[in-house]
Amino acid sequence: MKKSTKLALAFVALAGAVGTTAYAENNASAKMREGMMARLDKAMSDSGGAITFDQFSNVMDARLKKLVADNGGKLTVAQLADALEKARFERMAKRIIARYDTKGDGALTADDIAGRQKKVFALLDKNNDGKIDKSELPKGGRFGRHHQWDDQGNDGMQ
């Protein structure tokens, strides 16, 4: 293969990778902007339609400032990463609780989990024969967008 062809292919691959990353960052940035604007709107409505710099600053960085204060006035990469990871997993846990919690008490029981499993089984058992055939499973062997769990309760992520 010619050197110019190799360079062109490398450039196309790089452009694709950069474009994909930029698209993902744009989506995350859009969500962050929406959240920021919602906080600003709330602060403005709470204070009669206008806010001072101090109010603006508090709205924009309240959580980050709290993390800095909670860590002695300095925040390392590791501390910030831990806080972000904890927040992410707390959001995931809230979604799981909301999905399974049949009593609405904010806690999961074995009955909640079994009830959810019965609902999913009923949805998959399309011909209502009390069994799930391979033809009744979703295409691709995936149940929605979530990770599959093995028999030991592991989700395949290491």
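Me: Buried means under 20% relative accessible area, exposed over 50%, and partly exposed in between (1.4 Å probe, protein chains only). What share of the 158 residues in the protein chain is buried?
Reply: Buried residues make up 6% of them. This is a predicted model, where local features need pLDDT of at least 70, side-chain atom pairs count only at pLDDT 80 or more, and totals for chains, interfaces and linings use all residues. Residues are numbered from 1 along each chain as its sequence is written, and side-chain values use heavy atoms, with hydrogens and water left out.

Me: Why is Ser 57 called buried?
Reply: Its relative accessibility is 12%. The limit is under 20%, so Ser 57 counts as buried. Ser 57 lies in helix α2, residues 53-70. Beyond its neighbours within four places in sequence, Ser 57 is in contact (heavy atoms within 4.5 Å) with Ala 62 and Lys 65.

Me: What makes Lys 134 exposed?
Reply: Lys 134 has a relative accessible area of 75%. Lys 134 sits in the segment after α4 (110-124). From Lys 134 to Leu 124 is ten residues in sequence and 10.0 Å in space, C-alpha to C-alpha.

Me: Why is Ile 96 called partly exposed?
Reply: Its value is 37%. That falls between 20% and 50%, so Ile 96 is partly exposed. Ile 96 belongs to helix α3, residues 77-100.

Me: How many helices and strands does the protein chain have?
Reply: The protein chain has four helices and zero strands. These are DSSP runs: helices are H or I with at least four residues, strands are E with at least two, numbered from the N terminus. From that end, the elements run α-α-α-α.

Me: What share of the contacts with a separation of 6 or more joins residues 24 or more positions apart?
Reply: Such residues account for 5% of those contacts in the protein chain.
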